[in-house]
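Visitor: I should like to understand the reasoning behind the terms used for this model. May we go through them one by one?

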Amino acid sequence: MKRTLTRFISRIKRRKTKTEAKKEGKGDDGKMLEELAAALERLPAELTDVIVLHYYDNLSLLKIAETLGISCSVIKKRHNKALSLLRSVLV
């Protein structure tokens, strides 16, 4: 799971550099992606796992529950908590 998070964060950073090259001086897309990567690194591992699996690996919450071997309701709670924490950090 740590490798998946590392790939996800490096992908965000690569996207940031491509965005900066295209839109130099036209916005904060790169800064926003950098802040997102930093916020993801600060989340607890069980919350980060759900976010990365859902948004990066495109797994449904049910499939994540099956993969991690825990109930779907726990995954939904972790997903909502992770999104709430990310919103509070990024807003």
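Visitor: How do you know that the span of helix α5 agrees with its number of residues?

Guide: The model is a predicted one. Helix α5 covers residues 72–90, which is 19 residues, and at 1.5 Å a residue these should span 27 Å. The C-alpha atoms at its ends lie 27 Å apart, so the two values agree.

Visitor: Which residues of α5 are buried, and what makes them line one face of the helix?

Guide: I75, H79, A82, L83 and L86 are the buried residues of α5. Viewed down the helix axis, they fall within an arc of 95 degrees, and therefore they line one face. The face turned away from that buried side bears K77 and S88, which are exposed.

Visitor: Why is H79 called buried?

Guide: The relative accessibility of H79 is 9%, and the term buried applies under 20%; H79 therefore counts as buried. H79 belongs to helix α5. Leaving aside residues up to four places away in sequence, H79 touches V50, I51, H54, Y55 and L61.

Visitor: What makes α4 roughly perpendicular to α5?

Guide: The two helices pack at an angle of about 115 degrees, and their axes are 8 Å apart. Angles of 65 to 115 degrees count as roughly perpendicular, so α4 is given that description relative to α5. On the α4 side, the contact is made by L61, L62, I64, A65 and L68; on the α5 side, by C72, I75, K76 and H79. The crossing of this pair is right-handed.

Visitor: Why are α3 and α4 called oblique to each other?

Guide: Helix α3 (residues 45–56) and helix α4 (residues 61–68) have axes that cross at roughly 130 degrees and come within 10 Å. Roughly perpendicular ends at 115 degrees and roughly antiparallel applies over 145, so an angle between those limits counts as oblique. α3 and α4 are therefore oblique to each other. In this pair, V50, L53 and H54 of α3 meet L61, I64 and L68 of α4, and α3 passes α4 in a right-handed crossing.

Visitor: How many helices and strands does the protein chain contain, and what percentage of its residues is buried?

Guide: The protein chain has five helices and zero strands. Of its 91 residues, 32% are buried. Among contacts with a separation of 6 or more, 58% come from residues 24 or more positions apart.

Terms used
Residues are numbered from 1 along each chain as its sequence is written. This is a predicted model: local features need pLDDT of at least 70, side-chain atom pairs count only at pLDDT 80 or more; totals for chains, interfaces and linings use all residues. Side-chain values use heavy atoms; hydrogens and water are left out. Helices (H or I, at least four residues) and strands (E, at least two) are DSSP runs, numbered from the N terminus. The expected span of a helix is 1.5 Å times one less than its number of residues. Buried means under 20% relative accessible area, exposed over 50%, partly exposed in between (1.4 Å probe, protein chains only). The arc is that of the directions from the helix axis to the C-beta atoms. Axes are lines fitted to C-alpha atoms, for helices over the stretch in contact, and angles run from 0 to 180 degrees between N-to-C directions. Angles under 35 degrees count as roughly parallel, over 145 as roughly antiparallel, 65 to 115 as roughly perpendicular and the rest as oblique. A crossing is left-handed if the near helix is turned anticlockwise from the far one by less than a right angle, and right-handed if clockwise. Contact means heavy atoms within 4.5 Å.
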